[in-house]
Amino acid sequence: MEQITPSRLAIICNGTYYGDTEIKDREVSSITTDSREITDGGLFIAIKGTRTDGSRFINKTYESGALCCISEAAPEEVYSISTDGTTEDGRLYNNIEEWLSGRAFIQVKSCLQALKDIAEFYRIVCATKIIGITGSVGKTTTKEMIASVLSEHFNTLKTQGNFNNEIGVPLTLFRLREEHELAIVEMGISEFGEMTRLSKIVKPDICVITNIGQCHLENLGDRDGVLKAKTEIFTSMAADGKVYLNGDDDKLVQIEDVNGKKPVFFGTGRNCSVYADNIVENGLDGTYFDAVTCDIRIPLHVPVPGMHMVTNALAAVAVATGLGMEPDEIAAGISKFTPVGGHSSIIKTDRFTIMNDCYNANPVSLKAAIDVLSSVKGRKVAIIGDMFELGVNEKIMHFDIGAYAVKKGIDCIVCAGKLAKEYVAGVLAIDGSHNVLYYESTDQAIELIGTIVKDGDSILVKASHAMGFERIVKVLEDCK
């Protein structure tokens with residue numbers, strides 16, 4: 001990793017260097033906070049978590065080939081943890097100096113801050129153009145859509161999994177190498193100030209905001225608060241940076257300029273710079289439409305259902321055209337898109353079609369998923385669980401979803417979780433005899449789910465991640 005050496009790390013982190021002076025100027029090969037992922041010549045940052053202290057694994061990482069470790073503990077403390085100098089492979093060291101021979105150790109006040117400081121430095125060193133993506137709903141899917149398109153032309157790095165917070169974002173940046181032309185970094189927050197800190201690390205050249213929804217309202221208050229928190233992404237954006245916003249979002253359209261420049265809006269409305277025309281929904285097989293800009297029209301097929309997927313695709317078109325990509329490259333990238341597991345993925349078994357959307361849920365994303373389910377033929381089953389972090393109006397929001405599901409023609413609605421009682425109330429307020437079932441927990445729902453579903457059902461599975469609805473998906477997959 002260019003310019004990342006133990007001596008420079010000590011300066012970046014304002015830390016104290018211990019160990020072998022002969023290796024102070026060797027570049028580390030990689031950076032991780034997971035001792036199981038250390039590579040030969042790598043750096044291990046011993047984050048202190050709620051359940052374990054990373055410093056307990058420093059000796060293991062040295063034995064696995066780590067060049068340098070960063071810890072809040074002093075070296076003598078870490079040395080004593082290693083069973084009086086005996087390592088996992090049984091080797092005995094006579095003193096700390098011998099233990100640190102060929103190794104570097106840096107003591108800091110905060111490993112978390114060190115992680116962020118190193119990431120900020122490394123981002124400056126790397127010449128890669130970075131696209132920062134945030135929003136209340138669809139961050140991961142939009143990130144994957146943009147990556148699918150840009151990879152047709154550029155050597156592209158993207159956030160893996162849900163590495164979108166103050167630990168995950170630095171770890172994403174540490175994967176950058178000289179060959180990467182673009183990086184797509186997902187940025188998630190739950191409180192004011194968090195996006196400002198992420199923006200300082202990422203320093204995005206391009207900013208994309210998917211929408212402003214009802215997320216983390218216990219900290220952000222209302223959608224105006226969400227807008228304020230999300231737009232902190234602009235605070236450390238490149239001076240010549242570009243901004244792409246969802247023009248169908250009533251909050252985002254209020255943004256008239258960023259750093260003196262007008263944003264580029266994408267959406268289904270013709271008032272947007274990039275919009276969708278001739279939309280033809282084809283059920284679970286996806287959607288056909290034309291993406292239209294000021295001078296080109298691109299026929300596209302999004303292979304995943306839902307109008308929200310059209311919006312995600314338009315974001316990719318907007319960014320790609322801004323980067324000079326050709327229409328055939330863009331169309332190819334959209335057609336190859338596949339969602340991350342748990343994010344609107346379709347699973348077909350011998351008995352059912354399962355809409356696996358269990359990674360997370362909020363009112364906007366759940367209504368979008370119900371819309372997709374309502375478009376399919378045959379019996380429609382929605383298995384829905386609690387939506388968390390919605391603030392003081394959480395019960396009303398759950399009630400509204402229950403009513404919405406009935407209005408959209410969902411035949412059977414299975415509700416699980418303490419807040420899910422409000423789904424039931426919403427269902428019965430519209431139709432007192434509707435087929436709705438309630439279970440207090442995910443475990444209770446799992447016990448009886450096999451008796452509820454029928455051959456040929458199309459089944460939506462969606463709830464906030466903490467509900468563990470991926471277990472319901474597994475049960476449905478295994479149903480014989």
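**A walk through the predicted model**

Let's start with Tyr62, which counts as buried because its relative accessibility is 4% (buried means under 20% relative accessible area, exposed over 50%, partly exposed in between, with a 1.4 Å probe and protein chains only). Before going on, a word on the source: this is a predicted model, where local features need pLDDT of at least 70 and side-chain atom pairs count only at pLDDT 80 or more, while totals for chains, interfaces and linings use all residues. Residues are numbered from 1 along each chain as its sequence is written, and side-chain values use heavy atoms, leaving out hydrogens and water.

Back to the rings. Rings of Phe, Tyr and Trp (its six-membered ring) pair if their centres lie within 6.5 Å; planes under 30 degrees apart count as stacked, over 60 as edge-to-face and the rest as tilted. That rule gives five aromatic pairs. One of them joins Tyr62 and Trp99: the planes meet at 85 degrees with the centres 5.7 Å apart, so this pair is edge-to-face. Tyr62 sits in helix H2 (residues 58–63) and Trp99 in helix H4 (residues 96–99), so the pair links distant parts of the chain, 37 residues apart (helices are DSSP runs of H or I with at least four residues, strands are runs of E with at least two, and both are numbered from the N terminus). Trp99 is buried too, at 0% relative accessibility.

Trp99 also pairs with Tyr79, this time in a tilted way, at 5.5 Å centre to centre and 55 degrees between the planes. Since Tyr79 belongs to helix H3 (residues 75–81) and Trp99 to helix H4, this pair ties together parts 20 residues apart in sequence. Tyr18, Tyr62, Tyr79, Trp99 and Phe105 form one aromatic cluster.

Tyr18 leads us on to Gln107, since the two touch (contact means heavy atoms within 4.5 Å). Gln107 is found in strand S5 (residues 104–107) and is partly exposed, with a relative accessible area of 22%. A polar atom of its side chain lies 3.4 Å from the backbone oxygen of Glu72.

Now for the nonpolar cores, meaning sets of buried Ala, Val, Leu, Ile, Met, Phe, Trp, Tyr and Cys residues joined through side-chain atoms within 4.5 Å. The largest has 89 residues, and Ile70, Ile118 and Phe234 touch the most other members. Helix H5 (residues 111–125) gives the most to this core, with eight residues. Apart from it lies another core, of 36 residues, including Ile133 and Phe337. As for Ile70, its contacts beyond four places in sequence include Cys13, Leu43, Ile106 and Ile118.

Next, look at strand S20 (residues 458–462), where five of five residues are buried. Ser458, Leu460 and Lys462 point one way from S20, while Ile459 and Val461 point the other way. Two strands pair if DSSP finds at least two bridges between them. Strand S16 (residues 353–356) runs parallel to S20 and is joined to it by four bridges, with Asn356 opposite Val461. Strand S17 (residues 380–385) pairs with S20 in the parallel sense over five bridges, and there Ile384 has Lys462 as its bridge partner.

Last stop: helix H10 (residues 223–230), whose buried residues include Gly225, Val226 and Leu227. Among the elements that the buried residues of H10 pack against are strand S6 (129–134) and helix H8 (194–202).

How values were computed
Polar contact = N/O pair within 3.5 Å; in protein donor to acceptor, adjacent residues only side chain to side chain.
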